[in-house]
Amino acid sequence: MAEFMIANMAPIMFASLVLFLLLGFPVAFSLAANGVLFGLVGINLGLLHPALFSALPERVFGVMGNDTLLAVTFFTFMGLILERSGMAEDLLDTIGQLFGPIRGGLAYAVIFVGALLAATTGVVAASVISMGLISLPIMMRYGYHKSIAAGVIAASGTLAQIIPPSLVLIIMADQLGRSVGDMYEGAFVPGFVLAGLYVAFIFGVTIVRPKWAPALPAEARTIREDDGSSGMRSVGVLVLLSAAAAIVFAKTYNPEAPTDERIVVSMLVGIGTAFLLSVINTALKLNLLSRMAAKVTFVLIPPLALIFLVLGTIFLGIATPTEGGAMGASGALILAVMKQRLSWKLLKQAMDSTAKLTTFVVFILVGARVFSLSFYGVNGHVWVEHLLISLPGGQTGFLIVTNLLVFVLAFFLDFFELAFIIVPLLAPVADKLGIDLIWFGVLLAVNMQTSFMHPPFGFALFYLRSVAPKSVKTSEIYWGAIPFVIIQIIMVALIIVFPRLVSYGADGRGGNGSAAQAPVELNTEQINESESPEKGAAPAATGTEDDLAKALRGESTPTPQPQPNAEAAKKKEDDLEKALRGE
């Protein structure tokens, strides 16, 4: 029995963790309990050195000293303040009026507002609950199919999972040992492509089943001119003038500037042009713009300004993601003050919810560090690498199997648990196969979106159920989610087939080919991340973990798992040297 335990400690340890989770034990305590239990078993069997747990305090304090995780706190607080500031109500009302005259207009408005809320809040619950409370009753009142209405609201809310400043991207960057800024840049295009696929689906529904997504009736369109016209022509002219200003500025801007910098600054110029024209028209009472054009401009400017304050400063290199999150939280407070919604009660609720979520994340991360300490000690990472590298098909086979694994596990685990348990096991294998870890992280983040939409355990479906009218059945919410889960799977396939959808850095690196191996100039934040002890689960620290595991086992202890070949051993030594140099 002892020989069997020694030879199969890693798979037994992993199976035990799965059993604990299936029995319903809290994830953080399941991870920590497994790590401690099998650490003690390994010591008693002579597989591990008694000094194993002496490394535990340093790993726990490393988690608590991780500055990157502060971004989770700031973005959560920002999202909760914005949820209560009335911004979602104003956006849904105005954009609903803008798209109302066309079939599916309210659904388009929900997707548009969902993308905007995702780019400002980064919190799925806030987006789904806000849109469920405001839009679902209106969509039902004007004859929308219940499943379509519920599905589009739940799916649009989950865009906060992939569109920066997403919380899961912060966690993913931390687990992969990569820059949060690069992860944000890499996810920017796929996030909006996914929103475009949602729009295409609604357009298809309006063609095949026009009665399922009707246009708003004339009496429901409240923003009109004195002569009864909609004022859409004025909106079109304003959009053209803003786009022209942005394009002209982009042509004359510094040609040596990075592409992402030119895009961000040009968009800022275009938005500023629209706002300036609207302010001049209102201040001088020129009446050149319609009520619709003025209303849309003044409602869109606050969230767009907040997006630039957060993402623009990160992409331009002015602020780190943590600093960007702090500015976003400050901007959300200012918006709440301007709308006269800020109160001590609101502030206390937001701070209480933020503290709970942050504690939840840190506890899971501490548990994951305890688990990985023992798991690495028994050569668990070698077992996982051997299991996945031996798959047929190379990179493609690995990507197919890992995405299927994440998709199935998403039925039972949320994205935090997937990021802390599964990603540290997959990342070293992906790195060894030559897959760019930023690209891999974005791919997994898109896949993890399905954890919010899976019937019957999807959190977005539960959020929507909690605020939906009783006339909407739970089964209708589930059926409405299925087409959007399929769209998310299609998006995963698109990223694999067209890897350049994920681009980041000054030269637009991305994909999983040779461009992924281009040298990267590290900034100060990246250097600190690579040197910090909390990166134990990240690929950059794999060599350090191996040396720690070897020291804890001792030279004379037999190794139960298959040994890596000479090339892999050389790679680990190189990784160790790079980690020690902070490269």
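**Cavity lining**

I began with H16, which gives six residues, the largest share of the lining of the largest cavity. Helices here (H or I, at least four residues) and strands (E, at least two) are DSSP runs, numbered from the N terminus. This is a predicted model, where local features need pLDDT of at least 70 and side-chain atom pairs count only at pLDDT 80 or more, while totals for chains, interfaces and linings use all residues. Residues are numbered from 1 along each chain as its sequence is written, and side-chain values use heavy atoms, with hydrogens and water left out.

I then wrote down what a cavity is: on a 1 Å grid over the protein atoms alone, a set of points where a 1.4 Å probe fits but cannot get out, with lining residues having an atom within 4 Å of a point. Points are joined across faces, edges and corners, and the volume is the space filled by probe spheres set on them. I found five cavities of 30 Å³ or more by this rule, and the largest has a volume of about 110 Å³.

Which residues lie nearest the centre of the largest cavity? I noted Ala368, Phe371, Ser372, Phe420 and Pro424, out of 13 lining residues. Helix H16 (344-377), helix H19 (415-421) and helix H20 (423-432) are the elements that give two or more residues to this lining. By class I have ten nonpolar, two polar and one charged residues in the lining. In this scheme Ala, Val, Leu, Ile, Met, Phe, Trp, Tyr, Cys and Pro are nonpolar, Asp, Glu, Lys and Arg are charged, and the others, Gly among them, are polar.

**Helix H20**

Next I checked how covered H20 is: eight of its ten residues are buried, buried being under 20% relative accessible area, exposed over 50% and partly exposed in between (1.4 Å probe, protein chains only). Among the buried ones I listed Val423, Pro424 and Leu425. After H20 comes Gly434, with a positive phi near 85 degrees.

**Core**

The largest one has 161 residues, and Met139, Val152, Met172, Tyr184, Phe440, Met448 and Leu464 have the most contacts inside it. Helix H7 (residues 105-120) supplies twelve residues, the largest share of this core. With contact meaning heavy atoms within 4.5 Å, I followed Met172: leaving out residues up to four places away in sequence, Met172 touches Met183, Val423, Gly441, Leu444, Ala445 and Met448.

**Two single residues**

Is Ser166 buried or exposed? Ser166 counts as buried because its relative accessibility is 1%, and it sits in the loop between helix H9 (146-157) and helix H10 (167-176). Leu405, in helix H18 (residues 394-409), counts as partly exposed because its relative accessibility is 36%.

**Whole chain and confidence**

I counted 27 helices and two strands, and 52% of the 583 residues are buried. The mean pLDDT (the predictor's confidence in each residue, from 0 to 100) is 81, and 86% of residues reach 70 or more. I flagged residues 512-570, where pLDDT is below 50 and the model has 118 contacts beyond near neighbours in sequence.

Note on methods: On a 1 Å grid over the protein atoms alone, a cavity is a set of points where a 1.4 Å probe fits but cannot get out, and a pocket is an open set with protein on both sides within 12 Å along at least five of seven lines; lining residues have an atom within 4 Å of a point. A nonpolar core is a set of buried Ala, Val, Leu, Ile, Met, Phe, Trp, Tyr and Cys residues joined through side-chain atoms within 4.5 Å.
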